[in-house]
Amino acid sequence: MLNIALPKGRLGERVYAMFEKAGFECPSIKENNRKLIFENPECGVRYFWVKPSDVAIYVERGAADIGVAGKDILLEYEPDIYELLDLKTGICRMAVAAPKGFRDDPRRTLKVATKFTNIAQNYYASLGREIDMIHLNGSIEIAPILGLSDVIVDIVETGTTLRENDLEVIETVVPISARLIANRASYKFKNEQIIRVAEGIAAQLQTEEQQP
Ligand code: PRP
């Protein structure tokens, strides 16, 4: 049985459809209930819904053989896993944003509020910019409005959250999308099954790319 951790929510549903199309269907997953684990012994798969930011932990520790995690989580926590495929969905970007008209004064330490401290740390280290890191857990957009920080480093998808809070992107840190990941030991011992899933999904992505 191949254990597959999927991110709970809209992205997870879209991603499950890719597994289904690749021939690893599990009809019970579509039943409207609060169950978190679903299996289809005929296809040799067991799916479970976990919090999107937890998928990489399940995969790294082998509770799941494979899973789908955002590149943001992989860059932030640097789990010891294999990244097999860019699923070209869940597309957004990690960006630096600030109140409209903000001008960075390089002589001052920059106050940065974010949930993604590792990504922000690496980004500013690469620029040689001294920062004061403020770790927050959510509603990051409020920080510069209240003067807690100068800028934020956060995920931007449509840009609506920034716009509605009078903030704007000043730099893109890195593009983000969902990735198919695998546990290192599972990749060795369940290689054939994992490759079948990865190739099935890769073939779909290719067909989609070729369609106008
Ligand atoms: C993310 C991010 C922004 C928002 C950006 O939050 O932190 O707040 O999405 O999306 P937009 O550009 O389309 O407005 P998410 O909804 O993932 O929840 P979170 O606050 O738990 O991070």
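A backbone N or O atom of Glu157 lies 2.8 Å from an oxygen atom of the ligand, a polar contact in the sense of a pair of N or O atoms within 3.5 Å, where pairs within protein must also join an atom able to donate a hydrogen to one able to accept it, and residues adjacent in sequence count only if both atoms are side-chain atoms. Thr158 contributes an N or O atom of its side chain, 2.5 Å from an oxygen atom of the ligand, while for Gly159 a backbone N or O atom lies 2.7 Å from a ligand oxygen atom. Taken alone the ligand exposes 500 Å², of which the protein buries 59%, with areas from the Shrake-Rupley method and a 1.4 Å probe, and for residues only the protein chains shown count as cover. The residues around the ligand, including Lys115, Glu141, Asp154 and Thr161, are those with a heavy atom within 4 Å of it.

This is a predicted model, in which local features need pLDDT of at least 70 and side-chain atom pairs count only at pLDDT 80 or more, whereas totals for chains, interfaces and linings use all residues. Residues are numbered from 1 along each chain as its sequence is written, and side-chain values use heavy atoms, with hydrogens and water left out.

The structure also holds five aromatic pairs, meaning rings of Phe, Tyr and Trp (its six-membered ring) with centres within 6.5 Å, counted as stacked when the planes are under 30 degrees apart, edge-to-face when over 60 and tilted for the rest. Tyr16 and Tyr47 form an edge-to-face pair, because their ring centres are 5.3 Å apart and their planes stand at 85 degrees. This pair links distant parts of the chain, since Tyr16 belongs to helix α1 (residues 10-21) and Tyr47 to strand β3 (residues 45-50), 31 residues apart; helices (H or I, at least four residues) and strands (E, at least two) are DSSP runs numbered from the N terminus. Tyr16 is buried at a relative accessible area of 3%, and Tyr47 is buried at 0%, where buried means under 20%, exposed over 50% and partly exposed in between (1.4 Å probe, protein chains only). Ring pairs join Tyr16, Phe19 and Tyr47 into a cluster.

Asn3, placed in strand β1 (residues 2-7), is likewise buried, with a relative accessible area of 13%. Leaving aside residues up to four places away in sequence, Asn3 touches several residues, among them Arg46, Phe48 and Lys190, contact meaning heavy atoms within 4.5 Å.
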